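Good morning, and thank you for making time for this. I would ask you to keep the structure in view while I speak.

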Amino acid sequence: MPESTATLYNDSAANWQRSEPILLSDFTARPFLLDWCGDVQGQSVLDLGCGEGYVARKLLEKGAGKIEGRDISMEMIENARASIAPPDRDKIAYEVGDATNLSGHPDAAYDLVVAVFLFNYLDRAQTHAAMVEIARVLKPGGRFIFAVPHPSLAFLRAEERPFYFSRGDHGYFSGRDALFEGKIWRRDGHGVRVRCVHKTLDDYFSALNAAGFGFMPELKELHATAEHLAFDPDFFEPLRDQPLHMALRVKR
Ligand SMILES: C[S@@+](CC[C@H](N)C(=O)[O-])C[C@H]1O[C@@H](n2cnc3c(N)ncnc32)[C@H](O)[C@@H]1O
C-alpha cells in the first residue's frame, strides 16, 4: 500500500519551500499559469492543493484581494502560514482539508479558483467531486485554471532527470486511475518525489463537462522553451521537444 498523499507531503515539505523559482515546474509551468490568471486586482481566489503557498504569494503580489489556500498536508499548510509577511496576514488564509469537499465554502464566492498540480493526486471520481465543488464555489463568469503533468509524459519519457513518472506495465487507456510514482528535479540537483494518478485528456474534459462547465476550455501543452534551453542547457536539454505539463483555463 503506498503512503498517503498527506504523508508524502508532510515528509517532503522542506523540499517545496521556496521564495524563488527552483523546481523545474517553477520555470516551465507556474509563470505561464500566473500569466493566464491575468488581472486579479481585488479578486477573491481559492488555491486548491496550495502547498506551501508559492502560487498564492505570487497572486498576492499581482494584487489579489483575498486568497484562501487549502491543502491536505498539515506540514505544507504550516509552512505556508509561516511564509506570510505580516502586512499580508489579513489577505491570505490557509486551511488543512481535502479539495474534494469544500462544504465550508459558500456558493459563488470566488472570482478565480486555481489548482496547480493538484489533480494528479486525484483519481477520476475524486477529480469529478472536486470539479463539482469548484463549479459551485465559483461566481458566474469566474475562472478556473489548473495544471497537471501532460497525460502522455509517462509514456514518452524514460525514467530520468529532470522529470519523470514511472508507468510500469500500464497502458495509456488501461492505466487510468493507476498511481505512477515520479520525481521532479530542482535546479540545485535535488530530486523531489511526485505522483500522478493517471488520467487521459478525455478524462479531464469529461470531468469539467460533468461538473457543469459549459464553456470550451482553453488548453496549453507546456514544454521547455528556447529561452529555458538557453538559460540552463544542462538542466533543460533532456526535455527538448517533449510535452511536460497541460494547463487548462475555463470560465464558469
Ligand atoms: C505538487 S504539490 C503543488 C503545490 C502548489 N500548488 C504549488 O504549485 O507549489 C501538490 C499539492 O497538492 C496537495 N494535495 C494532494 N491531494 C490533495 C487533496 N485531495 N486535497 C487537497 N490538497 C491535496 C499536496 O498535499 C501538495 O501540497
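This is a predicted model: local features need pLDDT of at least 70, side-chain atom pairs count only at pLDDT 80 or more; totals for chains, interfaces and linings use all residues.

Let me begin with helices α6 and α8, which are oblique to each other: their axes make an angle of about 40°, and an angle between 35 and 65 degrees is neither roughly parallel nor roughly perpendicular, so the pair counts as oblique. Helix α6 covers residues 124-137, and its axis lies 8 Å from that of α8. The crossing of these two helices is right-handed. On the α6 side, the contact is made by Arg124, Thr127, His128 and Met131. On the α8 side, the residues involved are Asp203, Tyr204, Ala207, Leu208 and Ala210.

Is aspartate 203 buried or exposed? Its relative accessible area is 9%, and the cut-off for burial is under 20%, so aspartate 203 is buried. Which partners does its side chain have? The side chain of aspartate 203 makes a polar contact with the side chain of arginine 176, at 2.5 Å. If we set aside residues up to four places away in sequence, aspartate 203 touches Arg124 and Arg176.

I turn now to a second pair of helices, α3 and α4. Helix α3 comprises residues 30-37 and helix α4 residues 54-61; their axes come within 11 Å and cross at roughly 40°. That angle makes α3 oblique to α4. This crossing, too, is right-handed. Arg30, Leu34 and Cys37 of α3 meet Tyr54, Val55, Lys58 and Leu59 of α4.

How much of α4 is covered? Six of its eight residues are buried, so the helix is mostly covered. The buried residues are Tyr54, Val55, Ala56, Arg57, Leu59 and Leu60. Their cover includes the helices α2 (24-28) and α3, together with the strands β1 (44-48), β2, β3 and β4 (110-116). Just after α4, glycine 63 takes a positive phi of about 105°.

Next, helix α5, residues 74-82. Its buried residues are Met76, Ile77, Asn79 and Ala80. Viewed down the axis of α5, these residues fall within an arc of 160°, and therefore they line one face of the helix. The buried residues of α5 pack against α1 (5-16), β2 (66-71) and β3 (92-96).

Finally, I come to leucine 222, which is placed in strand β9, residues 218-222. Leucine 222 is buried, with a relative accessible area of 5%. Which residues does leucine 222 contact, leaving aside its neighbours within four places in sequence? They are Thr28, Ala29, Phe32, Gln242, Pro243, Leu244, His245 and Ala247. As for glutamate 75, it is 147 residues from leucine 222 along the chain, and the two C-alpha atoms are separated by 29 Å.

That concludes the presentation, and I am glad to take questions.

Conventions
Residues are numbered from 1 along each chain as its sequence is written. Side-chain values use heavy atoms; hydrogens and water are left out. Buried means under 20% relative accessible area, exposed over 50%, partly exposed in between (1.4 Å probe, protein chains only). A polar contact is a pair of N or O atoms within 3.5 Å; within protein, one must be able to donate a hydrogen and the other to accept it, and residues adjacent in sequence count only if both atoms are side-chain atoms. Contact means heavy atoms within 4.5 Å. Helices (H or I, at least four residues) and strands (E, at least two) are DSSP runs, numbered from the N terminus. The arc is that of the directions from the helix axis to the C-beta atoms. Axes are lines fitted to C-alpha atoms, for helices over the stretch in contact, and angles run from 0 to 180 degrees between N-to-C directions. Angles under 35 degrees count as roughly parallel, over 145 as roughly antiparallel, 65 to 115 as roughly perpendicular and the rest as oblique. A crossing is left-handed if the near helix is turned anticlockwise from the far one by less than a right angle, and right-handed if clockwise.
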